[in-house]
Amino acid sequence: MKPWKAVSLILFALVAAAAVYGIILVRRGFSALATPSAIEVFAATTARKIAVPSSYRQLRNPIVPSTENIRGGMEHFSYHCSECHSNDGGGQTVFGKGLYPKPPDLRAAGTQNKSDGELYYTIENGVRLSGMPAFHGTQRGTAPEQPYRVKET
């Protein structure tokens, strides 16, 4: 078989598979209650990995871990992140259960193994087509009604 025919056949098969998957997706609906398919999980995780610029992967947290800074970080997380991710990081909240795709389990190895820079990039820029907003340019270090300071050294 000639190479251009083989390539054409492969492309046709891919287009046909995508069309069948699209029809199945449309017929089942776009409910946020559904569990993402393996294809969607693979596509989303691959896209997230590719989306983080390599320059961010080497970044390290400039805030020195101390009792006060950890407490401040926990308060900040509780005020700003726990509505979707829950205080334990598992994402089993009213908002978390209603999102599609679901918020990642922050306790899982896939998240725990991310570098400081990868986590920073995700928080700063958000994730398109998910419930994760971009926090770039927002006021940092304050709770809704009770400001506190995180010491930067």
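## Starting at Leu99

Is Leu99 buried, exposed or partly exposed? With a relative accessible area of 23%, Leu99 comes out as partly exposed, because buried would need a value under 20%. Keep in mind as you look around that this is a predicted model.

Leu99 sits in the loop between α6 (94–98) and α7. Setting aside neighbours within four places in sequence, Leu99 is in contact with Ala32, Cys84 and Gly131. Ser8 is another story: Leu99 and Ser8 are 91 residues apart in sequence and 39 Å apart in space, going from C-alpha to C-alpha.

## On to Thr111

Helix α7 covers residues 109–112, and Thr111 is part of it. Thr111 has 14% relative accessibility, so it counts as buried. If you skip residues up to four places away in sequence, Thr111 touches Pro104, Asp105, Leu106 and Leu119.

Now for the aromatic rings: the structure holds two aromatic pairs. Tyr56 and Tyr120 make a stacked pair, with 6.3 Å centre to centre and 15° between the planes. This pair links distant parts of the chain, as Tyr56 belongs to helix α3 (residues 54–57) and Tyr120 to helix α8 (residues 116–125), 64 residues apart.

Tyr56 also pairs with Tyr121, this time edge-to-face, at 4.8 Å centre to centre and 70° between the planes. Tyr56 is in helix α3 and Tyr121 in helix α8, so this pair ties together parts 65 residues apart in sequence. Put together, Tyr56, Tyr120 and Tyr121 form one aromatic cluster. Tyr121 is buried at 18% relative accessibility, while Tyr56 at 24% and Tyr120 at 38% are partly exposed.

Terms used: Residues numbered from 1 in each chain as written. Predicted model: local features only at pLDDT ≥ 70, side-chain atom pairs only at ≥ 80, totals over all residues. Heavy atoms only, no water. Helix = DSSP H or I, 4+ residues; strand = E, 2+ residues; numbered from the N terminus. Buried < 20%, exposed > 50% of the residue type's maximum accessible area, 1.4 Å probe, protein only. Contact = heavy atoms within 4.5 Å. Phe/Tyr/Trp six-rings, centres within 6.5 Å; stacked < 30°, edge-to-face > 60°.
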